Amino acid sequence: MATIQRLAKQAFITFRTKESPTFASNLEKLKNLLDKLTADDINLSLPNEQLDAIVPPTREAPVSHIGIYECPYFSMGVFIIKKGCEIPLHDHPSMYGLCKVLYGKIKVRCYSLSSDGNSEAVNGTVKQKRAIRCQVMNDMTYDSSTGSCVLTPMIGNYHSIHAVPGPTAFLDILAPPYAPQEERDCNYYKECDQMVRQKHNFNTVSYFILEIVFLISFLSLINTVKNYPNWDLFELINQKSVKPDRIDKPIKL
């Protein structure tokens, strides 16, 4: 069974039984598999730096997304970020997120909801929140040689991803997938003035107010690529070997 198949099968097992006592161990198994994933495992071509240096920049989308698989339990795909670009500060409402860099390097800046009872909306109800109080976490840098990044519904759920300097590509698993009809829509935020620094368990903690912004222009600049096989789960996890044609067209940045 190919690496991408083992990964999909473990993701299915992990998030289908999210309420099970075995969830933590299944999530750890999924992370361990993801840590070992390489660009070659999904036939993703590496960027040609020499060619990029002589070809003038284009006005193509700064971010490309290659969908691999989606079901009610999780989605899997690859994001490719052009040099000097980023995925702005956004959230994964009530979702887990795992990503593994396949080439290049990313910097992830994360925020977690405040755990002091003030994590609900600053204005309005939770369902109509426009501003939230969050604790900023340390920026983390990942490349193809490091492990995967794991974000949970409560830890690091608000985050931005920056190409350092780029281009960069990473495989992304979201569980469950975005579903606006189930109040799992992607919101984008901006960081407002720093709210307060205070001591907590002998450490200084910084709290920020994040406000929702509407980035329709950014959403329109995501290039969705559809040249990856449209497998169903049975095909993906049960065939002896699956590997698409080499993905090189979408990364001519």
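Trainee: Is S75 buried or exposed?

Mentor: In this predicted model, S75 is buried, because its relative accessible area is 13% and the cut-off for buried is under 20%. The residue is found in strand β2.

Trainee: Which residues is S75 in contact with, leaving aside its neighbours within four places in sequence?

Mentor: S75 is in contact with Y69 and E70, and also with D172, I173, L174 and P177. F74 touches several of these residues too, namely Y69, I173, L174 and P177, along with A175 and with A8, A11, F12 and F15, again not counting residues up to four places away in sequence.

Trainee: And which residues touch the most other members of the largest nonpolar core?

Mentor: Those are F15, F74, V78 and L171, in a core of 31 residues. The elements that give two or more residues to this core are the helices α1 and α2 and the strands β1 (63-70), β2 (75-81), β4 and β10, with the largest share, 6 residues, coming from α1. As a general point, nonpolar side chains in soluble globular proteins tend to be buried together.

Trainee: What does a second, separate core include?

Mentor: The second core has 15 residues, among them I87, C99, C110 and A163.

Trainee: Back to α1, which residues are buried there?

Mentor: The buried residues in α1 are I4, Q5, L7, A8, Q10, A11, F12, T14 and F15. The helix has 14 residues, and from its first C-alpha to its last it reaches 20 Å, close to the 20 Å expected at 1.5 Å a residue.

Trainee: How far apart are the end C-alpha atoms of α2?

Mentor: They are 18 Å apart, which agrees with the 18 Å that the 13 residues of α2 (residues 23-35) should span at 1.5 Å a residue. In this helix F23, N26, L27, L30 and L34 are buried. Seen down the axis of α2, the buried residues fall within an arc of 100°, so they line one face of the helix.

Trainee: Why would residues three or four places apart point the same way?

Mentor: An α-helix has 3.6 residues a turn, so residues with that spacing point the same way.

Trainee: What do the buried residues of α2 pack against?

Mentor: They pack against α1 (3-16), β4 (96-103) and β10 (168-175).

Trainee: Since β10 came up, how about T168, buried or exposed?

Mentor: T168, which lies in strand β10, is buried, with a relative accessible area of 0%. Leaving aside its neighbours within four places in sequence, T168 is in contact with F79, I80 and I81, with V101, Y103, G104, K105 and I106, and with A163. T168 and L46 are 122 residues apart in sequence, while their C-alpha atoms are 9.3 Å apart in space.

Trainee: What about phi of N43 and S94?

Mentor: Phi of N43 is near 60°, a positive value in a residue other than glycine, and phi of S94 is near 55°, also positive in a residue other than glycine. N43 has its place in the loop between α2 and α3 (49-54) and counts as buried at 12% relative accessibility. S94 is found in the loop between β3 (86-91) and β4 and is exposed, with a relative accessible area of 54%.

Trainee: Stepping back, how many helices and strands are in the protein?

Mentor: There are 5 helices and 13 strands. Of the 253 residues, 46% count as buried, and the accessible surface comes to about 13,700 Å², with 51% of that belonging to carbon and sulfur atoms. Among contacts with a separation of 6 or more, 75% are accounted for by residues 24 or more positions apart.

Trainee: And what does the protein average for pLDDT?

Mentor: The average is 78, and 68% of the residues score at least 70. Over residues 117-128 pLDDT stays under 50, and the model has 20 contacts beyond four places in sequence for them. Over residues 247-253 the pLDDT is below 50 as well, and this stretch has 24 contacts in the model beyond near neighbours in sequence.

Terms used: Residues are numbered from 1 along each chain as its sequence is written. This is a predicted model: local features need pLDDT of at least 70, side-chain atom pairs count only at pLDDT 80 or more; totals for chains, interfaces and linings use all residues. Side-chain values use heavy atoms; hydrogens and water are left out. pLDDT is the predictor's confidence in each residue, from 0 to 100. Contact means heavy atoms within 4.5 Å. Helices (H or I, at least four residues) and strands (E, at least two) are DSSP runs, numbered from the N terminus. The expected span of a helix is 1.5 Å times one less than its number of residues. Buried means under 20% relative accessible area, exposed over 50%, partly exposed in between (1.4 Å probe, protein chains only). The arc is that of the directions from the helix axis to the C-beta atoms. Accessible areas come from the Shrake-Rupley method with a 1.4 Å probe; for residues, only the protein chains shown count as cover. A nonpolar core is a set of buried Ala, Val, Leu, Ile, Met, Phe, Trp, Tyr and Cys residues joined through side-chain atoms within 4.5 Å.
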